[in-house]
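Please read the points below with the model open beside you, and check each one against what you see.

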Amino acid sequence: MTVPLTRRGLIKQLILAAGSAAALAAARSRAAEPIHLDVKDPKAMALGYVEKATEVDAKKFPSYEQGSSCENCALLQGTAGAPYRPCNLFPGKLVSAAGWCSGWAPEI
Ligand code: SF4
């Protein structure tokens, strides 16, 4: 048995379809966002990456300069002010803007 389609029914169906499409687009957008770099990632560990520059083990990484962080590193990409941003050393992942690793290079 089929129910005859009324104008009101058609509008409801269109609204539901539009809502589903928007939800799907939002989910795809979230899924496409790169993941945050894990401090336990082997490459991150090798370079002494930390999420907060204040946590750098300066004895282990004597190249650390007080005040240096991803935020003022030449290799940081992306939008200024964002808490996590792409880094040229860790393609496909986001690093903490407040972080640091031994690949730090001063901005010119
Ligand atoms: Fe941060 Fe620079 Fe190291 Fe990338 S290279 S993780 S931006 S300090």
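Predicted model: local features only at pLDDT ≥ 70, side-chain atom pairs only at ≥ 80, totals over all residues.

1. Residues are numbered from 1 along each chain as its sequence is written, and side-chain values use heavy atoms, with hydrogens and water left out.

2. The chain has two helices and three strands, which follow one another from the N terminus as α-β-α-β-β. Here helices (H or I, at least four residues) and strands (E, at least two) are DSSP runs, numbered from the N terminus.

3. Of the 108 residues of the chain, 25% count as buried, where buried means under 20% relative accessible area, exposed over 50%, and partly exposed in between (1.4 Å probe, protein chains only). Among contacts (heavy atoms within 4.5 Å) between residues at least 6 apart in sequence, 60% join residues at least 24 apart.

4. Which residues surround the ligand? They are Cys70, Cys73, Leu75, Leu76, Cys87, Leu89, Phe90, Cys101, Gly103 and Trp104, a residue being near a molecule if one of its heavy atoms lies within 4 Å of it. This shell divides into nine nonpolar residues, one polar and no charged; Ala, Val, Leu, Ile, Met, Phe, Trp, Tyr, Cys and Pro count as nonpolar, Asp, Glu, Lys and Arg as charged, and the others, Gly among them, as polar.

5. Ser69 is found in the loop between α2 (42-46) and β2 (84-86). Is Ser69 buried or exposed? Ser69 counts as buried because its relative accessible area is 13%, and, leaving out residues up to four places away in sequence, it touches Ala53, Ala97, Ala98, Gly99, Trp100 and Trp104.

6. Val56 also lies in the loop between α2 and β2, and it is buried because its relative accessible area is 12%. Apart from neighbours within four places in sequence, Val56 is in contact with Val50, Phe61, Tyr64 and Trp100, while its C-alpha atom is 9.6 Å from that of Ser102, a residue 46 places apart from it in sequence.

7. Asn88, in the loop between β2 and β3 (93-96), counts as partly exposed because its relative accessibility is 49%. Asn88 touches Leu75 and Gln77, not counting residues up to four places away in sequence, and the C-alpha atoms of Asn88 and Gln77, eleven residues apart along the chain, are separated by 7.3 Å.
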